[in-house]
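Trainee: Could you take a close look at one part of this model with me? I'd like to go through the sheet and the helices around it.

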Amino acid sequence: MTPRNLLLVGALAAACMALRLVQVPAAGMPASSLLYLQAGLLLTIAMFDASRRVLAVCIGATGLVWIAQVWPVYGAWALVGLPLYALHFLIALAGARLAGWPRRDAAPIDTGDILRFVGVGLLLLPPVSAAAAVLLPHWAFGTPAADLPMRLAQGAVATHLGILVLTLPAAFWLTESADAPRLRPGTVLPALGFLALGFVLGRWQGTAFGESLGEWMLDYRLLAAAALAWCVMRFPARWSMPAIAGTMLILAYAVAERAGTTPHPLEPVLLGLELVVLEVLLLVLHAVTRDGRLMRERLIEEAGNDSLTGLPNLKALRTRVSEDDGTDEELGYLVVDNADRLLAGLGLNAHTALMRAVAERLSEHVQPYYVTSAQFVLMRQRDDHRHPDWQRVLQRLESFDFEWNGIRYRVVPYVGHARIRNSRASGLDAAIIAASQAAFQARSLREVMPIREGDTARMHDVARRSARSSTRPRARWPRCAPARSRCTSSRCGGSANRGRRRCRPARWCAACARRKASGCRRRASRTSSSRPGGWSSWTVR
């Protein structure tokens, strides 16, 4: 064990010993206690201690306190506490196992877990634990059997209230966030503060109604439930669960005060069941509120990513611009040419892999946002406050060859960029449209340099150069469609397949004319315009 774990085990053992000494006697019965907080803490440890060593240490420490309390009265017979607390150890393990704990995953508790724990931890476990705590000492000490049913009921109610106050709120408190450790000063101190406040206010007699705060809250428990429901919906579990535990502790004091003054012996039991219903409703409300919040966050996150590639999309870009006030920032629009051919030739998996590879390649300089097939909006990284160097962005992709199943694909990028005039949706849309127009203009003109919005002089210059290159004379060869039958002429290439192939009419048609018997049908048409090299256009079908 590490020193930190040893310190934690020592703190838990000391807490169990201290809670064993806490007495909440019923009115008129000073030798009894209607609240066993150590039972709730021991069950919590059994639910989260997979090794069972911590539970054994805490059970042993609690048993030593019990033996020390009983020894002055019964002497050596107090050693019956050893088998008694060994039995409590087995009962705690069985209760945790029946409730589904310890769990392999650290997922938050849902409504199904709450109902299962209520059936085991609050309805089944208290009578069993009370029977063990009363019957074994009764056999060893020889106490009168007349008050045995009352002692059994008292032990069951005390165990029930102790588990109600500590176990379920502590379980929610420990499992609410799997990635945030709860055992640190920022979370432990508020919980201890709420419990200490509950101890103090539980015995406070200074209300304006002449009764304790617990009695007043028990009379108006509907208002207390409404206040706790507001806390559960408004605050995270690190604050709401200690508040629930502190309130239940105050109400448990009130139940103990009323137990000795009421003429109905079952009233404490019924009040305990009402507190169970109240806490279960609060915890279910917390679970439903938490699940709705997590669902909303997950939907927002999923809406900000493309469902196929998993890359951030325009929704994420709009959120970022609205949060960061992207006024006077530049964005780029990237068009990857010939990606549709890759999609048509190699399928959707290759196209998706290409989009991810392009985004990963660009992530060193800019943050890419996926728009549609082979198109991205580019912005600077969040931690980089400089405007992107679009020439470097292009160079990153020009030197990049994508490979898929042994087939290499050369990425041909075109980039246009524009400035965001304001952080509203209209300003972002205008910048995206301007940058995309510049990018597609660069693609149509085959311009390898980034083009900025409004750079009309450069676009016209590129257009003139593209027009001059397109007016150069090119040799145009006629298309020849061979017949379906095989042509045996060696001059014609040896065979006439079903595709179209280019050849000189002088060779093709002369060879086919000598093979009329082979099934070739010839139709020659001479065009009125001359062709390069003095040839005419012949079509053989």
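Predicted model: local features only at pLDDT ≥ 70, side-chain atom pairs only at ≥ 80, totals over all residues.

Which strands does helix α16 lie across, and at about what angle does it run to β1?

Mentor: Helix α16, residues 425-445, lies across β1, β3, β6 and β7, and its direction is at about 40° to β1. Those strands belong to an open sheet of five, ordered β2-β3-β1-β6-β7, with mixed pairing. At the edges sit β2 (366-372) and β7 (451-452), each of which pairs on one side only. Strand β6 (residues 412-419) runs parallel to β7, and two bridges join them. If you want to find that spot, look for G416, which stands opposite I451 in β7. Helix α15 packs on the sheet as well, touching β1 (330-337), β2, β3 (375-380) and β6, and it makes about 160° with the direction of β6.

Now follow α15 (residues 390-398) to its helix neighbour. It packs with α14 (residues 348-362) at an angle of about 135°, the axes being 10 Å apart. The crossing of α14 past α15 is right-handed. On the α14 side you'll find V358, R361 and L362, which meet V393, R396 and L397 in α15. By class, that contact has four nonpolar residues, two charged and no polar ones.

As for confidence, the protein chain has an average pLDDT of 77, with 74% of the residues at 70 or above.

Key: Residues numbered from 1 in each chain as written. Heavy atoms only, no water. Axes fitted to C-alpha atoms, helices over the stretch in contact; angles between N-to-C directions. Helix = DSSP H or I, 4+ residues; strand = E, 2+ residues; numbered from the N terminus. Left-handed = near helix turned anticlockwise from the far one by under 90°. Contact = heavy atoms within 4.5 Å. Nonpolar A, V, L, I, M, F, W, Y, C, P; charged D, E, K, R; others polar. pLDDT = per-residue confidence, 0-100. Pairing = 2+ DSSP bridges.
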